[in-house]
Amino acid sequence: MQNFTTALKAEHIKKKGTGLYVVAGILGAISPLIWTIVTIIQDTPNQNKLPYNYFTEFIENCLDPFSTFFFPLMIIITVSRITQLDHKNGGWQLMETQPVKKISIYFSKFSVILIANLISIFSLISGCFLFGYIASLIIEVPENASLSFEIGSVLLVAARLFIAGLFFTALQYIISVLLPSFIWSILIGFFLLLAYLFLTAFKVVPDWYPIELLGKIATYKKGSDLGYWFTYSAAVSCICAIIALYIGFEWYKHKKIKLAFCTGKRAAMLVAVLIVFGGLLYYTLTPRVMEPHNRTVIAGIIDSDMPIDKIYIRDIFISDTIAEITVKDNKFHYAFTKNMPLDTYELALGSIGSITLTMATNDSTFLDFKKRKQSTDIALTGTRLAENLYKKDNQLGWSSVNYYIRENVYLDKPDFITKELVSGWEEAMAESDKFKTVDNYVPRDDFKQKNKKLLTLNYLNMWNDFLKKRAALYPNEETKETPEITEMKKVVALNDEGLLSNADYFNYVSSQITAEDTEDVSQNTKSLRAIAKLEPGSFKDKMLFKQLKKSMEEASDKKERDSLAVLYADNFSNKRYTDIILYRKQIIEKLAKGKQAPLFDAITINNKPVNLADLRGKYVAIDVWATWCAPCKYQSPYFEKFAVKYKNENIQFVAVSTDDKMDDWYVEAKSKSKSVLQLHINNKNEFSKNYNVTGIPRFILIDPEGNLVNAEMPFPDDQTFEQLLRQALGLEEQK
Amino acid sequence: MTDYIIQTKSLNFRFSKHKKVLDDISLNIPKGAIYGFLGPNGAGKSTTMRLLTGILPEQQDAISLFGKPLKTQLPQVFDNVGALVESPALYLHLSGYNNLKYLAELRNVPQSRITEVLELVDLTRDAKRKVKQYSLGMKQRLAIAMALLDEPELLLLDEPVNGLDPNGMRDIRQLLVKLNKEKGVTIFVSSHLLAEIEKMCTHVGIISNGKLRFEGTIQQLSEQSGACKIQFTLKDAALWQEKLLAAYPSVTLESNSQLSVELSDREQIPAFTKELINHGAELYELKVLNGLEEWFMTLIRQK
């Protein structure tokens, strides 16, 4: 050890005047400098966010350029320079004729590089604090940003960067020591750096790729989902670095690869190292699957600026409440007794809104929910961690075949479209298994299977669209179904109850079972007729429920709804569906055109009570909103625009707030356009029930007699909103 | 029994199966010797040097230093060994002083020693300059200073006077002799020029084509080389040649005024001179021509 410190001290004499550490520091500080310039130039307005630390976020924003470019660049340069010092000047021989162990020589140099790495990371972080502070003097720092020094997260990001860089550093080092020409190590370094770009584009970067290990720091800025300091990539980096350094050192020590590894003892040692660390690496890289729990449980912590006292778990398909959970001291815990098939469920948080989660029987799920004003932060952990994260990643990417079919391109070339469709599907199938979390967890097989079915469904629906378009455009030409399409169809059964929560599946089944029906009636009618013929059971019940609900909602009058009820309401095996359908019918009818709008009480900004009845004599357009609701805020300027545009017409624009906190509403409402009457609802729950408010924003139009014109108007940014408005007011259509 | 500091027992070395670079080299360097290791370029001198320092890994266990196998002593053996192998290894971006300081740190030598060795090789004035700006001779001297830094018992020097001017060569030779005399340092020095080291060596080993052609003291060397040749300048050289031819058949006319003759040994020189003077020769100059050089050339030409 003394030998090593001596060598390390000597290395520091040797590197005098090379500015090695200075370069490391400069390359570390470039990212914060660039980011500061960007923030000052862009000066983006504050996005609404949960309270956060200004500096920690500043560091996180610098991670992208640093971890996949400036840091590796610094490593390539440092390693090359420090090894060249000895290659150029015959230093390797000189060191060998000194009473210093080769292991000390080798690792003292490596330590110098590691120190340079630390300096670079330190420079990044201090640069972030320095430049971040300067930027904070120029731009406005959001009030929910804290300017304190968060030692924990700073240390974490520094440690993660350092460890992630180990493998790349070791790799560059062994190459640079073995090859005396500087060009090779630099060439290989840059090749690895550039190859990362296109490997990422092709999505084929292996987990152990040296730059990918660093890239993960930028991708997962917060690190582990499970609160570990280090993820599996950190372990991979360490293990790979150990293997690389072992091979590199032995090679350096014995000069020739044959001498280093081909004699009996050394070969055995190499094999031992490869088995132990290779095995460890294999174990670390193997994706993990969460084991099921012995019960079905959901628990969580709620941290919200609005009180949430109840949580509802709902079946997405019929919005049936499965569980009602009481939140106590901002915590909740619930064990399900019912069998829960693997599905996406809705978790409604009081009146604030809802999130979806994937779960099944014997899953344990933990929700960490934070909310301040409009911003929320949701973290779902537990046995379905990977599945719940997968959802976010699962957006179907842009697909060329989808574009062709939608835009009617190449419809005259069925072979081409079919080929594209099949290859797109095959690609999607292969891709679907690739997802893993930052902690190397992958979804369980049941989820993967189901996910594959859903993905296939997308392609089958494209295929059906294509067939329809072909039939319309080229009625005399046949579009052949290839064996691959038949294969796709086999993946998705026509009676898979587990898929019904997905609307695409419903459409697919509906179109498949009505394919033979060529009568000239609406798709709704065809679908109902075909569903009625299915075998009784829960699959039929659900199909029928969905179709019937849709038909009811789209029915033009009471007569049609009545006849639907008579024909099909008793067709369910489970009578609960009959009840729900009839109840839905009742609500639809209550809010139908011409029905009297339910009355409600509210107060104005000046604290004067108002009843809806007071507004009679004028048309009333209502915008139901709340200060915490971001989509409401998006729509409200459009609504106000119409208020100004039609202020001379016989119409009153009203914004009804459902905020729980009067103060929030008061501040925001005061700043709004005077053309809109700002009201705050007195009894939110009653209002929601009467108007069947399932989500906001919601727009309602009432005539001068107090009767409903439209209980669910389109959003104001949609053209039809204005059309409906003009229609009701008896104004000419705009040209 | 003599104490051998370096000993190799039938040292062989091959870079590949077919190319044997060293063949059965047995060296014995006694303690306190200045051992000249001679051979033309490519004879295997540097390979031997690199094997002795462990820079090239040995293929058998033939080398022992200080009476113990070399392999077991690496790298601690360098506590007592100063080595200068091939082209001087110097850090060009550092000053001469810092080059020495680097080694002093590695070898745990007190800083005061640095000034001493700088003085020794006469680089004190240039110590602060970057080695980049040094002349070839200065670099060579600095490299020697680095080898001397730790007051080693054994010095291994590969072509130490290469590139030095005659003055520099002489200085280095004097320095080495002084070290050998005063401190008892054993010196193993290689060269491809006999004349370069002949004057200071106590022992000589001659290598050519990977084989050791001769090993022994400098006396043994001259004995082996046999006859002693003298050259003398005198008036009427041609005349004298005829006169001498009967007694000394080896007399040859070198030029108008020069003759050379081979005597069986050095001891005959005084008698021969006396005889010459007695016969009335007008002698201007008499020079002992070394036979070594020629003998050396024949030795190394052997296949």
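In the predicted model, strand 3 (residues 296-304) of chain A pairs with strand 6 of chain A in the antiparallel sense, over six bridges. Within strand 6 of chain A, A:K331 is the residue that stands opposite A:I301. The two strands belong to an open sheet of four strands in chain A, ordered 6-3-9-10, in which the pairing is mixed. Strand 6 (331-336) and strand 10 (375-382) of chain A are the edge strands, each pairing on one side only. On average, and with direction ignored, neighbouring strands of this sheet are turned by 15° against each other.

Between the chains, 24 residues of chain A are in contact with 24 residues of chain B. On the side of chain A that touches chain B, at least two residues each are supplied by helix 1 (2-14), helix 3 (54-89) and helix 4 (91-96) of chain A. Helix 1 of chain A provides the largest share, six residues. By residue class, this side of chain A comprises eight nonpolar, 10 polar and six charged residues.

Nonpolar side chains tend to be buried together in soluble globular proteins. In the present model, the largest nonpolar core has 143 residues, and B:L142, B:A145 and B:F188 have the most contacts inside it. Helix 3 of chain A gives the most to this core, with 14 residues. Neighbours within four places in sequence aside, the contacts of B:A145 are B:L100, B:V117, B:L118, B:L120, B:V121 and B:L123. A second, separate core has 38 residues, among them A:A602, A:F639, A:I681 and A:F721.

Terms used: Residues are numbered from 1 along each chain as its sequence is written. Chains are lettered from A and ligands numbered from 1 in the order in which they are written. This is a predicted model: local features need pLDDT of at least 70, side-chain atom pairs count only at pLDDT 80 or more; totals for chains, interfaces and linings use all residues. Two residues are in contact if their C-beta atoms, placed from the backbone, lie within 7 Å. Ala, Val, Leu, Ile, Met, Phe, Trp, Tyr, Cys and Pro count as nonpolar, Asp, Glu, Lys and Arg as charged, and the others, Gly among them, as polar. A nonpolar core is a set of buried Ala, Val, Leu, Ile, Met, Phe, Trp, Tyr and Cys residues joined through C-beta atoms within 7 Å. A residue is buried if 20 or more other C-beta atoms lie within 10 Å of its own, exposed if 12 or fewer, and partly exposed in between; C-beta atoms are placed from the backbone. Two strands pair if DSSP finds at least two bridges between them. Axes are lines fitted to C-alpha atoms, for helices over the stretch in contact, and angles run from 0 to 180 degrees between N-to-C directions.
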